[in-house]
Amino acid sequence: MTPSANTDHFDVGVVGLGPTGLVMAHLLAEHGLRVLVLEREPEHYGMARAVHTDDECLRILQRAGVADEVHAAMISDLPVRWIRADGKVSGQFHDPSTPLDWPKANFLYQPEFEATLEARLQERDTVTIRRGRAVIGVAQDGDSVEVTHAECAGADYGRSEARLVDGTTETTRMPYLIAADGGRSVIRTSLDIAMTGRSFPQRWLVIDLSARPGTRPFDHLSEFDFICDAQRPTVSCPQPGNRHRFEFMLHDDDQTAEFEDTEMAVQLLSRHVDAADVVIDRQLVYTVNALVAARWRVGRIFLAGDAAHMTPQFIGQGMNAGIRDADNLSWKLADVIHHRLDPSNLETYESERRPHAKATIDLSVFNKDLVSTGNRSLCRLRDVGLPLASRMPLAGDFIKEAKMKPRPRFRSGYLGMPRGRRLTRSRRAGRRPSC
Ligand SMILES: Cc1cc2nc3c(=O)[nH]c(=O)nc-3n(C[C@H](O)[C@H](O)[C@H](O)COP(=O)(O)OP(=O)(O)OC[C@H]3O[C@@H](n4cnc5c(N)ncnc54)[C@H](O)[C@@H]3O)c2cc1C
């Protein structure tokens, strides 16, 4: 380590101000820790990617003190439907019950969601946010992590190289560091941690729309629909603020550049909305990744969110997986730093979170295949099987009440540990398992 490291007194460093870093920093501060947050982009302009969150994550956001405000800007309780090519409904998830006091399905606009979380984070006395600082290196010894960072004019949220400013490098030391720096994590790469799983060749065009002033072009599209049409599998997603998202699957011979052209967007949209009433905010082709990092921790550095796992968007749980990471890791780090928990318990972050993240990815891949298959026999099976399953007692609950969603289970986690390893000094009252 360099002797010149800036030794400001931070307990934890968080790299990345996406949803994972934002929620992580809130929860660490809630637990009384001093947090330094480093974010490469000088300004938040946000990328609309995530559109959905659930009751479990709103519960976590409630602990972070922000749930009421972010939820007020969401649309809740929309039915989620699987639609056949002929327009008939094959299956539907719609469960208005609120066992956790929050609706089970909530639709958000990610830039607005992140802006609210950041505004509230800025109000926290123990959190220091440094935007326009890109982490370019990490080192650690038995006591602390040293982070090297430099001024950055931005990286277009990963679409271009980070534009670093010469002569602005600083180092900061802290006991623990959380890499919430996204799917292309610089920290994960510098630690030489591989991602395992699959990247699919399939491409999807995502089009984000907003209504022109004085128009309501999306009123007839009030459900979240997976349109299982082998000609062009499509996702139609209502968004708050008179916005809407469409996702269209590309076939193997479709050209990406052609599909990122406005003319193609207008053609694809014409089946669904009056193009004269809408503004295209974003039109981008994505590939689908189902990947998990081989290790989530090296010494005092932890990976979280997309840096640790990348979930296909087909059950709307990628961002939520990062929020669950924040929930799981933040209280453990706080208790270790406050000498209430033996540091060996930090191992349970990965052993508890990995199986759930993997199960979520697997379910998402399953739904991607269900929606996008072009195989005629499988299409027929899906179109007949889904309505049948929906009418059966157990299978019907799985679909209508989203019971297929993986539940957190702790076979080898904190709750599975012998008592002596679990607690060193005091047991916090009312400790409950993390999501
Ligand atoms: C089309 C699409 C639809 C989706 N829909 C959903 C959905 O409905 N629900 C859901 O839960 N999820 C969804 N997801 C997934 C979700 O968007 C991501 O899982 C989530 O945004 C990841 O959050 P994160 O904070 O881990 O990473 P990111 O949001 O990628 O944030 C990482 C941050 O780290 C910063 N950074 C990177 N490198 C550095 C560095 N070296 N130094 C400092 N800062 C750095 C970046 O600038 C960025 O701000 C969807 C994804 C896509 C592509």
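**Exercise 1. Determine which element gives the largest share of the shell around the ligand, and describe the make-up of that shell.**

Solution. In this predicted model, the largest share of the shell comes from α8, which contributes four residues. To place that share in its setting, note that 33 residues surround the ligand, and that the closest are Gly16, Gly18, Gly182, Gly305 and Gly318. The elements giving two or more residues to this shell are α1 (19–30), β2 (35–39), β9 (133–140) and α8 (318–337).

**Exercise 2. Work out how α1 and α8 are oriented to each other, and which residues make their contact.**

Solution. Begin with the geometry: the two helices α1 and α8 pack at an angle of about 25 degrees, and their axes lie 8 Å apart. Angles under 35 degrees count as roughly parallel, and α1 and α8 are therefore roughly parallel to each other. The next step is the handedness, and here the crossing of α1 and α8 is right-handed. On the α1 side, the contact is made by Pro19, Thr20, Val23, Met24, Leu27 and Leu28, while α8 supplies Met319, Gly322, Ile323, Asp325, Ala326, Asp327, Ser330, Leu333 and Ala334. Divided by class, the residues of this contact are ten nonpolar, three polar and two charged.

**Exercise 3. Repeat the analysis for α1 and α4, asking at what angle they pack and with which handedness they cross.**

Solution. Helix α4 covers residues 110–122, and it packs with α1 at an angle of about 30 degrees, the axes being 10 Å apart. By the cut-off of 35 degrees, under which angles count as roughly parallel, α1 and α4 are therefore roughly parallel to each other. The crossing of α1 and α4 is left-handed. From α1 the contact takes Pro19, Leu22, Val23, Ala25 and His26, and from α4 it takes Glu114, Leu117, Glu118 and Leu121. By class, the contact of α1 with α4 has six nonpolar residues, one polar residue and two charged residues.

**Exercise 4. Decide whether Pro217 is buried or exposed, and find what it contacts.**

Solution. First locate the residue: Pro217 lies in the loop between β13 (195–211) and β14 (224–228). A residue is buried if 20 or more other C-beta atoms lie within 10 Å of its own; Pro217 has 20 other C-beta atoms within 10 Å, so Pro217 is buried. Leaving aside neighbours within four places in sequence, Pro217 is in contact with Ala211, Val273, Asp274, Asp277 and Val278.

Conventions
Residues are numbered from 1 along each chain as its sequence is written. This is a predicted model: local features need pLDDT of at least 70, side-chain atom pairs count only at pLDDT 80 or more; totals for chains, interfaces and linings use all residues. A residue is near a molecule or strand if its C-beta atom, placed from the backbone, lies within 6 Å of it. Axes are lines fitted to C-alpha atoms, for helices over the stretch in contact, and angles run from 0 to 180 degrees between N-to-C directions. Angles under 35 degrees count as roughly parallel, over 145 as roughly antiparallel, 65 to 115 as roughly perpendicular and the rest as oblique. A crossing is left-handed if the near helix is turned anticlockwise from the far one by less than a right angle, and right-handed if clockwise. Two residues are in contact if their C-beta atoms, placed from the backbone, lie within 7 Å. Ala, Val, Leu, Ile, Met, Phe, Trp, Tyr, Cys and Pro count as nonpolar, Asp, Glu, Lys and Arg as charged, and the others, Gly among them, as polar. A residue is buried if 20 or more other C-beta atoms lie within 10 Å of its own, exposed if 12 or fewer, and partly exposed in between; C-beta atoms are placed from the backbone.
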